[in-house]
Amino acid sequence: MRDERVKWALLLPAVGWILTFTIYPLVYSLSLSFQNWNLTSPPQWVGLANYLRALQDPRMHNALRTTGLFVAATVTIELVLGFALALLFYRPIWGSRALRAVVVAPLFTSPIALAFLGMMLFHEEDGPIAHLLRMLGLPRVHWLSDPATALGSLILLDVWQWTPFAFLVFLAGLAGVPQEPIEAAIVDGAGRWAVLRHVLLPLLAPVAVTALLFKFIYSVKVFDLAFGLTGGGPGISTEVLALYIHRQGLEFFNLGYASALSYVFLVLVVLGCTVLLLRVRRLYEVA
Amino acid sequence: MHSAPAPGAAAVRGRLKARPEVALRRNGEAFLVGLVLVATLIWVLFPLYWALVTSFKEPTETFRPTFLPFLQFRPTLANWQDQFRLAGRDILKDLSNSLLVAASSALLALGLGSMAGYALARFPFQVGPIRNHDIASWFLSQVVIPPVVVVIPFFLFMQRLGLLDTRLGLTLAHTTMNLPLATLLMRDTFLGIPVEVEEAALVDGASRWTVLWRVVFPLASPALVSTGILAFAFSWNEFIYALTLTFERATTIPLLIAGAKMSQGIQFWFVSVRVLLALLPPVLLALSVQRYVVRGLTLGAVR
């Protein structure tokens with residue numbers, strides 16, 4: 001009987017905290033999304049008007065496309081690179097322990113600091129990358145000033161920061177892989193690729209799914225990096241969803257419209273996670 | 001997995017012996033792996049090194065392709081000194097704000113999170129169809145919510161409560177951000193401590209509180225410290241809440257960096273100093289809890 005009271009006393013503060021500081025704001029934001037409000041005049045109920053506006057907003061379409069590209073590129077590149085590096089360095093090779101330690105640094109570099117660091121590195125006249133390209137006789141790249149390449153630069157910085165995440169997750173996965181099936185496959189005469197494809201990959205599938213899901217979630221939220229490196233520019237070529245919503249809400253103070261956009265965003269993220277989870281689960285049930 | 005009987009290790013060795021080129025391939029391979037290692041290390045470290053080097057260069061030297069202090073350029077402390085002389089008050093203010101907000105939000109999240117984590121690890125919950133792991137998943141699901149979705153209502157609430165541009169307001173936001181992490185990692189930790197240890201103490205006549213303070217917390221303390229350090233680092237690096245909820249008195253280090261754009265052009269020699277100030281504490285802290293990094297970033301899903 002006393003345990004019954006104790007357990008709720010322990011759990012409820014945390015639950016209450018999240019209800020107060022996350023769920024209540026979410027509900028409030030949902031109701032805001034059906035209103036027009038810019039802080040100066042009283043709010044007005046407008047029904048679904050904000051959502052209809054979102055459907056036709058070219059800048060929203062651009063944000064969706066930009067975010068989609070960013071997520072697809074970063075997740076793919078980082079998972080592939082991270083997996084390859086983990087395969088190379090999970091054995092106790094000289095230097096692999098140092099590498100494990102060193103890669104923690106990008107992961108804990110504040111993204112806004114990384115953005116400014118990126119401005120130094122990508123400086124088109126005299127940055128270190130520009131110097132290197134010149135030395136190699138390669139043409140100049142407009143890293144940040146060309147709408148066609150700015151998103152690529154953003155992706156590159158994210159790859160620098162987050163490939164270590166996939167690397168470390170796969171290392172943890174490889175450490176848990178049993179040796180017997182691999183040895184058995186080698187004994188049976190399987191080549192390296194066959195072992196990788198038919199033994200190692202299926203064993204690592206659960207870890208890969210976790211890496212994929214978490215990186216998807218982290219990528220889709222991207223804000224700081226774009227805010228700092230390009231501010232969404234040139235033009236709106238790197239204006240990702242979080243950046244656009246933040247602008248609508250806290251620069252233009254279209255609070256209702258921004259709330260509607262954030263609900264579209266939230267639904268898409270949740271949908272994305274669900275689809276990923278379902279598809280990927282089917283994948284490794286087959287394998 | 002295989003139908004034919006295993007030929008045994010001897011056969012494998014035989015197979016290797018039958019192909020003398022294997023040894024050679026191994027050597028070539030070691031060389032390649034070493035090459036990849038060096039390339040990766042350079043790729044990871046160069047940006048950080050560049051920030052460090054730039055901070056010790058004369059402003060006029062900033063854009064020259066020189067990498068080695070003493071050999072290629074004369075290092076100077078002038079940027080660090082100027083930065084603290086010109087903007088010392090802002091820097092110290094933002095550093096202390098960052099420190100206070102990160103420490104208090106980490107402690108708050110840790111307190112609430114260990115309580116909830118302990119409850120979820122030790123007691124059965126059942127409310128209708130909801131069980132312990134459903135509650136844990138609910139905490140996990142909080143990670144999915146993009147901060148930009150809640151930052152607008154947060155701004156309005158803080159405004160109404162008079163908490164805009166206060167460290168308290170930002171602390172509340174950061175605690176919310178770190179609470180799922182603390183709850184899930186601590187639940188994991190308590191699940192790993194055998195119940196028998198606690199039961200033994202209870203049988204010996206200790207009260208629940210004594211057991212918690214004298215038995216459970218000491219056993220959980222490494223995890224507590226590591227989780228707290230991670231929460232501290234995440235709060236230190238957090239930007240979107242800080243950008244929205246603070247603007248002058250309660251600004252943190254990430255805002256100090258973001259502010260560098262507004263001054264006359266970007267003065268990279270000063271930026272590099274600020275970047276290092278922002279970057280070093282969380283990176284060093286994370287290095288001290290290396291074993292927890294993956295666990296922290298996947299909220300306990302991968303150890």
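What percentage of the 287 residues of chain A count as buried? The answer is 41%. Please keep in mind that this is a predicted model.

**Chain A overall**
- Chain A has a secondary structure of 13 helices and two strands.
- If you look at contacts in chain A between residues at least 6 apart in sequence, 71% of them join residues at least 24 apart.

**Helix 8 and helix 10 of chain A**
- Two packed helices are described by the angle between their axes and the distance between the axes.
- For helix 8 (residues 147-175) of chain A and helix 10 (residues 192-220) of chain A, the axes come within 9 Å and cross at roughly 160°.
- Angles over 145 degrees count as roughly antiparallel, so helix 8 of chain A and helix 10 of chain A are roughly antiparallel to each other.
- The crossing in which helix 8 of chain A passes helix 10 of chain A is right-handed.
- On the helix 8 side of chain A, the residues that meet helix 10 include A:Trp162, A:Phe165, A:Val169 and A:Phe170.
- Their partners in helix 10 of chain A include A:Leu204, A:Val207, A:Lys215 and A:Tyr218.
- Sorted by class, this contact of helix 8 with helix 10 in chain A has 10 nonpolar, two polar and one charged residues.

**Where chain B touches chain A**
- In chain B, 74 residues are in contact with 74 residues of chain A.
- Helix 2 (residues 21-55) of chain B gives the most to the side of chain B that touches chain A, contributing 12 residues.
- That side of chain B is made up of 60 nonpolar, 12 polar and two charged residues.

**Domains of chain B**
- Chain B is divided into domain 1, covering 9-40, and domain 2, covering 88-297.
- Taken over C-alpha atoms, the centres of domain 1 of chain B and domain 2 of chain B are separated by 46 Å.

**A closer look at B:Leu172**
- You can find B:Leu172 in helix 6 (residues 167-191) of chain B.
- A residue counts as buried if 20 or more other C-beta atoms lie within 10 Å of its own; B:Leu172 has 25 within 10 Å, so B:Leu172 is buried.
- B:Leu172 and B:Ser104 are 68 residues apart in sequence, and their C-alpha atoms are 9.3 Å apart in space.

Key. Residues are numbered from 1 along each chain as its sequence is written. Chains are lettered from A and ligands numbered from 1 in the order in which they are written. This is a predicted model: local features need pLDDT of at least 70, side-chain atom pairs count only at pLDDT 80 or more; totals for chains, interfaces and linings use all residues. Domain bounds come from an automatic or database domain assignment. Two residues are in contact if their C-beta atoms, placed from the backbone, lie within 7 Å. Helices (H or I, at least four residues) and strands (E, at least two) are DSSP runs, numbered from the N terminus. Ala, Val, Leu, Ile, Met, Phe, Trp, Tyr, Cys and Pro count as nonpolar, Asp, Glu, Lys and Arg as charged, and the others, Gly among them, as polar. Axes are lines fitted to C-alpha atoms, for helices over the stretch in contact, and angles run from 0 to 180 degrees between N-to-C directions. Angles under 35 degrees count as roughly parallel, over 145 as roughly antiparallel, 65 to 115 as roughly perpendicular and the rest as oblique. A crossing is left-handed if the near helix is turned anticlockwise from the far one by less than a right angle, and right-handed if clockwise. A residue is buried if 20 or more other C-beta atoms lie within 10 Å of its own, exposed if 12 or fewer, and partly exposed in between; C-beta atoms are placed from the backbone.
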